[in-house]
Amino acid sequence: MEDIYAKFVSQKISKTRWRPVSPGSLQTAETFATGSWDNEENYVSLWSIGDFGNLDSDGGFEGDHQLLCDIKHHGDVMDLQFFDQERIVAASSTGCVTIFLHHPNNQTLSVNQQWTTAHYHTGPGSPSYSSAPCTGVVCHNPEIVTVGEDGRINLFRADHKEAVRTIDNADSSTLHAVTFLRTPEILTVNSIGQLKIWDFRQQGNEPSQILSLTGDRVPLHCVDRHPNQQHVVATGGQDGMLSIWDVRQGTMPVSLLKAHEAEMWEVHFHPSNPDHLFTCSEDGSLWHWNASTDVPEKSSLFHQGGRTSAFLSHSISNQANVQQSLISSWLSTDPAKDRIEITSLLPNRTLSVNSLDVLGPCLVCGTDAEAIYVTRQLFR
């Protein structure tokens, strides 16, 4: 990957997200949002990717990402999601959840709505109220689901001042991330290696299903659902392993793939080309996993500027009884026959790569090295 452009932004970037393009439009990704953390003042910012190819003062290429607007954010930005074309939902380390509205006419952001105490600790050891970080957000207009360090799950609606539904003691451990499986069902991952499925149609406070990594209770940090096959889920955690799950069967992952050398912070299936998957890590790496069947004579060799290293994978369950045509390439991968091609997308290791997002041929990621990287040519 030659064409990945860096922009140094003088703040540690915790989250990056592409603004969605209108369904059916021929637009490509043009605008992305970032959230910062661990700075004296944190911001939610909107950027335009502009035209690439400008030479910087050192004669190297530098991405011409233009800052469109930004707004101060109280606390670290723990998660960031576009609610629609104009609105962005931000999760804060203060326990607050904010919807920011973008005004394209004068390029400003304003607070559209706020739930200031969405997540908080209560109980004998804490004062009557002490804030707990909101660790994850997922949106499906008009609904917003948030999870936090307090083990609480909130269901908000953009036009309601109060939560529509709250599951108070959903988890006794920290909930790290959340995704929709289908509209009334969500899936959470926690700090003891469990996936839990929750159905908002059910009144109780119990999950409808629990899956977990056996043995070590390795914290899971991130989760993503396959865009076409809602039963296929990918997770990553503290040990850097990539786990693929089929929530229809068993309580264990279908396959475990040895990946990064430190915490995996985010995993994303490509939204329109889900045989491709992307991960980023505390170890400073950003990887593109290609499980598509059209790679001739694939080997599980890892490409990074000529350096290759094999990686371990093992398949746990036998998928032979499921119709092959319906199987995601992620479930049918028999490591003895099929291999997954992994490409490192960053030219050299950096500080932690905290977040990534993919849309069409474009990828954006943000790092603790105060840099944002963008490429518009993922599949060249």
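How many bridges join strand S14 to S15, and in which sense do the two strands run? Six bridges join strand S14 (residues 134–140) to S15, and the two run antiparallel. Strands here are DSSP runs of E with at least two residues, helices are runs of H or I with at least four, and both are numbered from the N terminus; two strands pair if DSSP finds at least two bridges between them. Before going on, a word on the ground rules: this is a predicted model, where local features need pLDDT of at least 70 and side-chain atom pairs count only at pLDDT 80 or more, while totals for chains, interfaces and linings use all residues. Residues are numbered from 1 along each chain as its sequence is written, and side-chain values use heavy atoms, with hydrogens and water left out.

Back to S15. With S14 it forms a hairpin that has two residues between the strands, and Val137 has Thr146 in S15 as its bridge partner. S15 also pairs with S16, again in the antiparallel sense, over five bridges, with Val145 standing opposite Leu155 in S16. That hairpin has four residues between its strands, and Gly151 takes a positive phi near 75 degrees there.

Is S15 enclosed or open? Six of the six residues of S15 (residues 143–148) are buried, so the strand is largely enclosed by the rest of the structure. Buried means under 20% relative accessible area, exposed means over 50%, and partly exposed is in between, with a 1.4 Å probe and protein chains only. In a regular strand the side chains alternate between the two faces of the sheet. Here Glu143, Val145 and Val147 point one way and Ile144, Thr146 and Gly148 the other, and all are buried.

Now for the rings. Rings of Phe, Tyr and Trp (its six-membered ring) pair if their centres lie within 6.5 Å; planes under 30 degrees apart count as stacked, over 60 as edge-to-face and the rest as tilted. That rule gives five aromatic pairs. One of them is Phe32 with Trp47, stacked at 6.3 Å centre to centre with 15 degrees between the planes. This pair links distant parts of the chain, since Phe32 is in strand S3 (residues 31–36) and Trp47 in strand S4 (residues 42–48), 15 residues apart. Phe32 and Trp47 are both buried. The ring centres of Trp115 and Phe156 are 4.3 Å apart and their planes are at 20 degrees, so this pair is stacked. It too links distant parts of the chain: Trp115 in strand S11 (residues 108–115) and Phe156 in strand S16 (residues 153–157), 41 residues apart. Both of these residues are buried.

Arg152 lies over the face of Tyr120, 4.0 Å from the ring centre, and the charged end of Lys12 sits over Trp37, 5.7 Å from the ring centre.

Finally, the largest nonpolar core has 19 residues, and those with the most contacts inside it are Leu242, Leu277, Trp289 and Trp330. Such a core is a set of buried Ala, Val, Leu, Ile, Met, Phe, Trp, Tyr and Cys residues joined through side-chain atoms within 4.5 Å. Elements giving two or more residues include strand S24 (242–246) and helix H1 (329–332), and S26 gives the most, with three residues.

Key: A charge sits over a ring if NZ of Lys or CZ of Arg is within 6 Å of the ring centre and within 35 degrees of the ring normal.
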